[in-house]
Amino acid sequence: MSALTRTPATYGAGSKGRVPSRGTASVIAFGAPLACIALIALLAPLLPLSNPNAQVLSEALRPPAWLEGGDWSSPLGTDQLGRDVLSRLVFGGQLTFVIAFTGMVAGAVPGILLGLLAGYRRGWVDAVISRLVEAQLALPFILVAIAIIAANGRSLPILVAVLALVGWAQYARVIRAETLSLRERPFVLGLRCAGVPTWRIMLGHLLPNLAGSATVLATLQMGTIVLAESALSFLGLGVVAPDISWGAMLAEGREQLTLAWWVALLPGLAITAVVLLVNLFGDALRSRFDPKKRSF
Amino acid sequence: MSTVLSARSVTIEAATGAGPVKLVHDVNLDIREGEILGLIGESGSGKTTAARAIVGLLERNVRVSSGEIALRGKTISSPEVDDFRNVRGSEIGMVFQSASMSLNPLMKVGKQLKEVVRRHQRHLSRQQITERLDQVLRQMGFTDPARVLASFPHQLSGGMRQRVSIALAVVTNPAVVIADECTSALDVTTQAEVVQLLRSLTTDSRTAMLFVTHDLMLAQDLCSRIAVMYAGQIIETGDAREVVSNPRHPYTRALLAAIPTWGEEEIQGIEGSPPRVAADWQGCRFAPRCPVARDECTRTRIGWTPTGTRSGARCLIVEEEEPESSGSMLDHV
């Protein structure tokens, strides 16, 4: 028994003096600019910007400041109604982020819970949820969106609901698959064996173990949602004036593309940059949370 | 010594696309207080299924189709037992094979232990729970319980984790502990520690234990009694030393002969492979691989032959060797 009574010198050592890994560095590298953009958009009302909806028709289609005919009073130029493009971009970003975030949460919460339920309970519960997921994934998104918005009218809650409806199936599928493997782990069997109630196992033990995948998925979904919202607004199914989103700006600028490229190109660039950053951030998170790199 | 856990003619069936198949057939077991019963068998022999039936962790399509499992005389195998949840955990603890996966990687050891204690001993105060955890970890050979309680599983070594998972199984003072291959994944020195721990657990706390393993020599060393399983049936039981030194069933003999020894040129394997699971069968399941099998072995129904008060074998040859027996099925093990 002497071996049992030794004092192990090394426990707790893993948490000290940890050097940031390459994974962490890229999470920060992509996360920081994203956080900056989001912060600027969310703090828009506090920034010294002109009213994004103030129309000055005499100033219409003024080019960005660095071009001939530009003026620093509107650094990124004005649109066909003389509204300041910079100000509209920032305020539009605000709504874009709010929609992306609420749409993501509205899809993630039911998706994760249903996936957890399907994976853990299996049997008919799983069969029903899995068929629903497949049905959802088989339907083309734009078609579903057009049908719902045409039937219910355009409004922000409906837009968020449409985006959630499109997103939940992805979460449900991934979380179900992970739960299936997790539920066979001895620690889960041990909890069942110890008589811990099912809801407690699912929410208290499985959910924290799924948090990594869920976070990665949610991040990647944000990019998809920004794109989807832009597509819907571009088609005239999304945000209604006087609300501004990048997709709506893109749609309005389309007619002026040959005359004034900046009106459409700048929101387009903003969408591209944010979606790209979100995806890179999600990928960085994924390699950070990769189970193969975890040390247990 | 009273019997804590008993299984009477337990048959476990799995529903498959092609109808039900028997995973475990007509198993009888008895474990008394402070006794360690070794359940020996190769992969697929049904030993883990039998153990899981006891703790109620069978897969959805698997069920105990006949017979009964009883804990201190109370049936726990029927689905009507609604307080099964309270039985497991408080009366039965289970230790699993893989120590690294027996604990929730994201939760501190102390929190996991507390959760189980609180579930079953609600009357305990916070202070009493802390004392109990301290006590159980000291029993598991930890000199610094407070530090272990504040650690995450990945901060502990493999042997420590396995000792913590044993603590998790015994923290509620269960009457029976089911240990499913719980030393197989450990290296030899840690294995020795854990075996020592299990032994002291049964002698100090009078806990009954079912020790599932494929390691015959380990079972001989640790267990008081041994039951050998083959293709879903128990084919021999008896005193641990007796079974190893004087095996009666040809399969047990072949198993012992297959253990490599020093200076041996070639390891003696058993020809062929175990039969596939089936809905029903005739005769002895080992007969096709048995070196001493005769024609009748595959045709007649093989009964249980007691060879002592708590020992016996399922073999025609043993039946012939025991003159007084009549192939009675009663109360074996």
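Which residues is A:Thr219 in contact with, leaving aside its neighbours within four places in sequence?

**Before starting**

This is a predicted model, in which local features need pLDDT of at least 70, side-chain atom pairs count only at pLDDT 80 or more, and totals for chains, interfaces and linings use all residues. Residues are numbered from 1 along each chain as its sequence is written, chains are lettered from A and ligands numbered from 1 in the order in which they are written, and side-chain values use heavy atoms, with hydrogens and water left out.

**Stop 1: chain A as a whole**

Read from the N terminus, the order of elements is α-α-α-α-α-α-α-α-α. Of the 296 residues in chain A, 46% are buried, where buried means under 20% relative accessible area, exposed over 50%, and partly exposed in between (1.4 Å probe, protein chains only).

Now switch to a surface display. The accessible surface of chain A is about 14400 Å², and 68% of that belongs to carbon and sulfur atoms; such areas come from the Shrake-Rupley method with a 1.4 Å probe, and for residues only the protein chains shown count as cover. A contact means heavy atoms within 4.5 Å. Among the contacts in chain A between residues at least 6 apart in sequence, 72% join residues at least 24 apart.

**Stop 2: A:Thr219**

Select A:Thr219, which lies in helix H7 (residues 198-234) of chain A. With neighbours within four places in sequence left aside, A:Thr219 is in contact with A:Val278, A:Phe281, A:Gly282 and A:Leu285. A:Thr219 counts as buried because its relative accessibility is 11%.

**Stop 3: helices H2 and H9 of chain A**

Select residues 85-121 and 261-289 of chain A, which are helices H2 and H9. Their axes come within 11 Å and cross at roughly 35°; axes are lines fitted to C-alpha atoms, for helices over the stretch in contact, and angles run from 0 to 180 degrees between N-to-C directions. On the H2(A) side, the contact is made by A:Val85, A:Leu89 and A:Phe97, and on the H9(A) side by A:Trp262, A:Leu266, A:Pro267, A:Ala270 and A:Val274. The crossing of H2(A) and H9(A) is right-handed (a crossing is left-handed if the near helix is turned anticlockwise from the far one by less than a right angle, and right-handed if clockwise).

**Stop 4: A:Glu184 and helix H6**

Select A:Glu184, in the loop between helix H5 (156-182) and H6 of chain A. Is this residue buried, partly exposed or exposed? A:Glu184 counts as partly exposed, because its relative accessibility is 32%. Not counting residues up to four places away in sequence, A:Glu184 touches A:Arg122, A:Leu189 and B:Glu59.

Continue to helix H6 (residues 186-193) of chain A, where 7 of the 8 residues are buried. Among the buried residues of H6(A) are A:Pro186, A:Phe187 and A:Val188. After H6(A) comes A:Gly195, with a positive phi near 80°.

**Stop 5: positive phi in chain B**

Most residues other than glycine have a negative phi. Select B:Ser9, in strand E1 (residues 3-16) of chain B. B:Ser9 is not a glycine, yet its phi is positive, about 40°. With a relative accessible area of 33%, B:Ser9 is partly exposed.

Then select B:Ala231, in the loop between strand E9 (225-230) and strand E10 (233-239) of chain B. B:Ala231 is likewise not a glycine and has a positive phi of about 50°. At 11% relative accessibility, B:Ala231 counts as buried.

**Stop 6: cysteines of chain B**

How many disulfides does the structure hold over all chains? The number is 0, a disulfide being a pair of cysteine sulfur atoms within 2.5 Å. Select B:Cys290 and B:Cys315: the sulfur of B:Cys290 has its closest cysteine sulfur in B:Cys315, 6.3 Å away, which is too far for a bond. B:Cys290 is buried, with a relative accessible area of 15%.

Terms used:
Helices (H or I, at least four residues) and strands (E, at least two) are DSSP runs, numbered from the N terminus.
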